[in-house]
Each structure stands twice: as C-alpha cells, then as structure tokens.
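User: I have a protein to look at and want a plain walk through it. Start with whatever convention I need, then I'll ask as I go.

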Amino acid sequence: MDEPTARQVLLIQAIETAGSDHPLWTADDRRWATRVALESADPAARADRFIAVRADAAVRRLSPRAAPVASWLAHRLWHRRWALAVLLLGVVLGFVVDTVGAGHRVNLLGTGVWSLVAWNLLVYVLLVLPVPNGWPRRALSRRMLDLRSLLRGARQEPVFERVAQTWASASAPLSLARAGVLMHLGAAGLALGVIGGLYLRGIGFDYRAGWASTFLDAAAVHQVLSALYWPAQQMLHALQWLPYVVSPITLPDLAGFEALRLVGGESPAASPASSAAPWIHLQALTLAMFVVVPRLVLAALGGLRALWLAKRFPLQLEGDPYFD
C-alpha cells in the first residue's frame, strides 16, 4: 500500500487499539467497517487490500465526527520543494563563507576547503558503518514534528497521542530516507556555493597563493600538497580531451614551493608563479569530486528509496495481533 493508505490504516489502528470503546468509534462502527470491507474487497485479494478498504471506510465514517482525523490526513508531511530549498540554502551559505579571507591570499595549507572535504569523508565512513539497532528510529522519533499540534482538539482526545507514536515508529524508514535526501542536497549546495564564491571573487580580486608553517618546511609541504591534489590532477588529465576544460596542472617543484613561502606574513611576489588560479581550479575540482558528485548521487539514491517506500509503504502486517 502507498503512504496515504498507510496513514489511514495506522490512524484507525491507533484508535481501535486504545483499550476500550471510544465515543467516536464504537464496536458497532468496527463491525460496520469490517462488513463494508468484506462486501467491497475481492475475497481472492491480498490481506493488505482488505485492510486498506476497511480503513478507508472507517475514515469516511469517522471524519465528520472528529476534526483531528481530517486535519491529520490532509496535512502533507513531505514537500518536494523542500529539497530545492535546502539545496539553494546550501549554495547561499557556501557563497557567503569566504575561504580565502580579507587578505586575498590563498593559504595553501589553510583548513577551509580541506575541512569541508574531511567532514564529508567522515560522513561517508559513518554511512557505511553498522548502526546500533533501533538508534535511527528512536532518534528520529524524538525529533519528529509533534503530530498532536496538527490535530486540532487532540488535547481533549488523548487517543490521538497513539496516532503520533504509531506513525513515528512505522514511518521511520521513509522519514530517514527523506531526511537523508535533505542532508545530502544541503552538503552538495554548500560545496557548490564555496566553489562559486572562489571563482566569482577571483574575478574581482587578484588572489595570490602561498603557504606558511611553523613546523613544516618546503619539502614537507610539497609532499603534503602533492598527495592532496593528486586526485584532482589525475581527473584533469582524464578530462583534457573535453572542450573548455582547464589544461592539466603541474605543481611547482621544491624550489617553486620555497618561492611560495610567506615570510613574516608577506604575500609572495606578484608573479605568474604565485597566481592562485591553478590552485583554485584544483580546490574546486577536489570539492566537486569528493563532495558535490558523491552527495548528489547519494541524494538521488535516497530520493529513489523514499519514492519506493512511499509507493510501497513498509507496513508490517504479519505477526501483529490487530491485523491478524
């Protein structure tokens, strides 16, 4: 069954398992709903079809009696425009963050871009690690929107607390998939904003590249940056056949790195060798490779999973005394 049908089923389940006859839904109402389902559903159909038909009949009978029922079912718990809004918000935040600073000097050992890459790599590791059983469900349930606020009159009807609890538990896989889509799109947007900020600010300012370190010498910096930028360099080599792609970039030799050293906080000489353009290209490509593309792929996979779960809601019928 799909998500709207599952919401109806769980709503009726929460009311009918409240423990005693409820003024809004009596034993006669239950028998009536069962009779309607028996008359409407194909005897050869699956059990979930019978349950869905019965819940639909029950909701149509119950809605005129209880405004919270119609209010809850009419309230949309997910809007696709949220995904676009989160992506655009990430782009804006990334653009506002100036990873270079007021000195217009790209610190090759700066932590701005690399902190963003490291954070995303840590997220990827956490995504593949085993998660304690039930932890995401409990965490999501604690942070879900209080559904009672969506049910007008729920304060006078404690039974609707069961509706919120039942839905929070059953919809956790779907809600987690949707939350993952927003998380990945926000991260991708943040990286896109940082890349856009680097290039747009580079149009109006003359960025210069250099490095300074208390503990590292030119040889160590050469090794570190060669390792960090190696993936981006290889990608440029692989894409050099494409039009409008930056030519492969070769890092300076040891003497070149020594020339880029910032002594006493002074910028390196204004020469082509110290131009930050090649380094900005490498940083942008690194962000694209390790943040933008993986996050967009994960968002797409999460969106497909959420769509699948919304069309085939994972409602467990077997083994539940109510559904039996």
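Analyst: For residue classes, Ala, Val, Leu, Ile, Met, Phe, Trp, Tyr, Cys and Pro count as nonpolar, Asp, Glu, Lys and Arg as charged, and the others, Gly among them, as polar. This is a predicted model, in which local features need pLDDT of at least 70 and side-chain atom pairs count only at pLDDT 80 or more, while totals for chains, interfaces and linings use all residues. Residues are numbered from 1 along each chain as its sequence is written, and side-chain values use heavy atoms, with hydrogens and water left out.

User: OK. How many helices and strands does the protein have?

Analyst: There are 12 helices and two strands, taken from DSSP runs (H or I of at least four residues for helices, E of at least two for strands) and numbered from the N terminus. Starting at the N terminus, the order is α-α-α-α-α-β-α-α-α-α-β-α-α-α.

User: And how much of the protein is buried?

Analyst: Of the 324 residues, 39% are buried. The cut-offs are under 20% relative accessible area for buried, over 50% for exposed and partly exposed in between, with a 1.4 Å probe and protein chains only. Among contacts (heavy atoms within 4.5 Å) with a separation of 6 or more, 83% are between residues 24 or more positions apart.

User: Pockets next. How is the lining of the second largest pocket divided between nonpolar, polar and charged?

Analyst: That lining holds 11 nonpolar, three polar and seven charged residues. It has 21 residues, and Glu-3, Trp-78, Arg-80, Arg-178 and Ala-310 lie nearest the centre of the pocket. A pocket here is an open set of points on a 1 Å grid over the protein atoms alone, where a 1.4 Å probe fits, with protein on both sides within 12 Å along at least five of seven lines; lining residues have an atom within 4 Å of a point.

User: Which elements give two or more residues to that lining?

Analyst: Helix 1 (3-16), helix 4 (67-74), helix 9 (172-204) and helix 12 do. Helix 12 gives the largest share, six residues.

User: What volume does the second largest pocket have?

Analyst: About 610 Å³, as the space filled by probe spheres set on grid points that are joined across faces, edges and corners.

User: Back to helix 12. At what angle do helix 10 and helix 12 pack?

Analyst: Helix 10 (residues 218-239) and helix 12 (residues 277-311) pack at about 80°, and their axes are 9 Å apart. The two helices are therefore roughly perpendicular, a label for 65 to 115 degrees; under 35 is roughly parallel, over 145 roughly antiparallel and the rest oblique. Axes are lines fitted to C-alpha atoms, for helices over the stretch in contact, with angles from 0 to 180 degrees between N-to-C directions.

User: Which residues meet there?

Analyst: From helix 10 they include Leu-225, Tyr-229 and Met-235, and from helix 12 they include Trp-279, Leu-282 and Phe-290. In that contact of helix 10 with helix 12, 11 residues are nonpolar, three are polar and none is charged.

User: New topic, Leu-108. Buried or exposed?

Analyst: Leu-108 is buried, because its relative accessibility is 1%. It sits in the loop between strand 1 (105-107) and helix 6 (112-128). Beyond four places in sequence, Leu-108 touches Trp-114, Ala-209, Gly-210, Trp-211, Leu-225, Leu-260 and Trp-279. Of these, Leu-225 also belongs to the helix 10 side of the packing with helix 12, and Trp-279 to the helix 12 side.

User: And where is Ser-247?

Analyst: Ser-247 is in the loop between helix 10 and helix 11 (254-259). It is exposed, at a relative accessible area of 51%. Its C-alpha atom is 9.7 Å from that of Pro-278, which is 31 residues away along the chain.

User: Last one. What does Trp-32 contact?

Analyst: Setting aside neighbours within four places in sequence, Trp-32 is in contact with Ala-57 and Arg-61. Trp-32 lies in helix 2 (residues 27-40) and is partly exposed, with a relative accessible area of 22%.
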